[in-house]
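Subject: Handing over the structure

Hello,

Here is the structure I promised to pass on. Please have a look at it first, and then read on for what turned up.

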Amino acid sequence: MNNDGASHGLIQWHGTTIIGVRKGGRTVIAGDGQVSMGNTVMKPNARKVRRIGEGGKVIAGFAGATADAFTLFERLERKLEQYRGQLMRAAVELAKDWRTDKYLRNLEALMIVADADTLLVLTGNGDVLEPEGAAGGDSQITAIGSGGNYALAAARAIDAYETDAETIARKAMQVAADICVFTNDRVTVETV
């Protein structure tokens with residue numbers, strides 16, 4: 001995300017690269033640890049991937065403005081409680097709120113969320129996207145943030161010969177960290 005739309009002329013804080021990989025009955029979300037303000041690294045070891053919901057059965061990672069992402073984490077947790085842990089239903093209801101609520105519409109963040117059955121991307125436009133399966137395989141791969149396209153391309157290339165979802169995510173994050181200046185190699189991984 002860039003700072004062109006920063007409100008009140010202030011530079012926004014941004015978290016950067018998150019990848020979700022679902023393969024072989026395992027789902028992994030991995031994220032780098034870098035938080036940037038403009039072109040300055042403000043924190044190299046942020047935890048942008050976490051467990052949410054009752055019993056930690058849902059994992060989520062964010063890219064974008066940090067405070068906005070925490071707001072979305074909280075809202076998604078409330079929706080998970082309201083809909084008894086049904087991730088797809090909670091995500092769709094959050095997306096509806098995101099589109100119609102004036103406050104939420106101004107949030108600048110994206111999220112990848114997953115449970116044992118579902119991998120989704122929640123966008124700042126209020127979209128709920130389920131990634132397509134990888135060509136010729138049973139895996140799903142998605143990525144967000146400034147290094148997301150690098151991580152996505154690397155993961156798709158690795159997917160053809162790697163069977164472990166976590167290994168794919170970690171290798172893809174390393175590629176992104178080598179290319180994108182807003183991504184570092186301090187990776188946090190959560191698995192369901």
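I'll begin with V175, which sits in helix α5, residues 165–179 (helices are DSSP runs of H or I with at least four residues, strands are runs of E with at least two, and both are numbered from the N terminus). Before going further, please keep in mind that this is a predicted model, in which local features need pLDDT of at least 70 and side-chain atom pairs count only at pLDDT 80 or more, while totals for chains, interfaces and linings use all residues. Residues are numbered from 1 along each chain as its sequence is written, and side-chain values use heavy atoms, leaving out hydrogens and water.

V175 counts as partly exposed because its relative accessibility is 32% (buried means under 20% relative accessible area, exposed over 50%, and partly exposed in between, with a 1.4 Å probe and protein chains only). Together with Y150 and I179, V175 makes a nonpolar surface patch of about 240 Å². Such a patch joins nonpolar side chains (Val, Leu, Ile, Met, Phe, Trp, Tyr) within 5 Å, taking residues with over 30% relative accessible area and no salt bridge; like charges are joined within 9 Å. The areas come from the Shrake-Rupley method with a 1.4 Å probe, and for residues only the protein chains shown count as cover. I179 also belongs to α5, and is partly exposed at 48%. The C-alpha atoms of I179 and G147 are 7.8 Å apart, although 32 residues separate the two in sequence.

The whole structure has 11 of them. E166 meets R26 at 3.1 Å, N to O; this pair links distant parts of the chain, with E166 in α5 and R26 in strand β3 (residues 26–31), 140 residues apart. E166 also bridges to R170 at 2.9 Å, and these two lie 4 residues apart in α5, about one turn of the helix. R26, D164, E166 and R170 are linked in a network of salt bridges. Elsewhere, K171 pairs with E162, their closest N and O atoms being 3.8 Å apart. K171 is partly exposed at 37%, whereas E162 is buried at 15%.

The largest nonpolar core has 20 residues, and I52, L76, L80, M111, V113 and L122 have the most contacts inside it (a core is a set of buried Ala, Val, Leu, Ile, Met, Phe, Trp, Tyr and Cys residues joined through side-chain atoms within 4.5 Å). At least two residues each come from β7 (58–65), α1 (66–82), α2 (87–100), β8 (109–114) and β9 (119–122). Apart from this core lies another, of 18 residues, including V28, L152, A165 and I168. Leaving aside residues up to four places away in sequence, L76 touches I52, A90, A91, L94, M111, V113 and L122.

Best wishes

Notes:
Contact means heavy atoms within 4.5 Å. A salt bridge is a side-chain nitrogen of Lys or Arg within 4 Å of a carboxyl oxygen of Asp or Glu.
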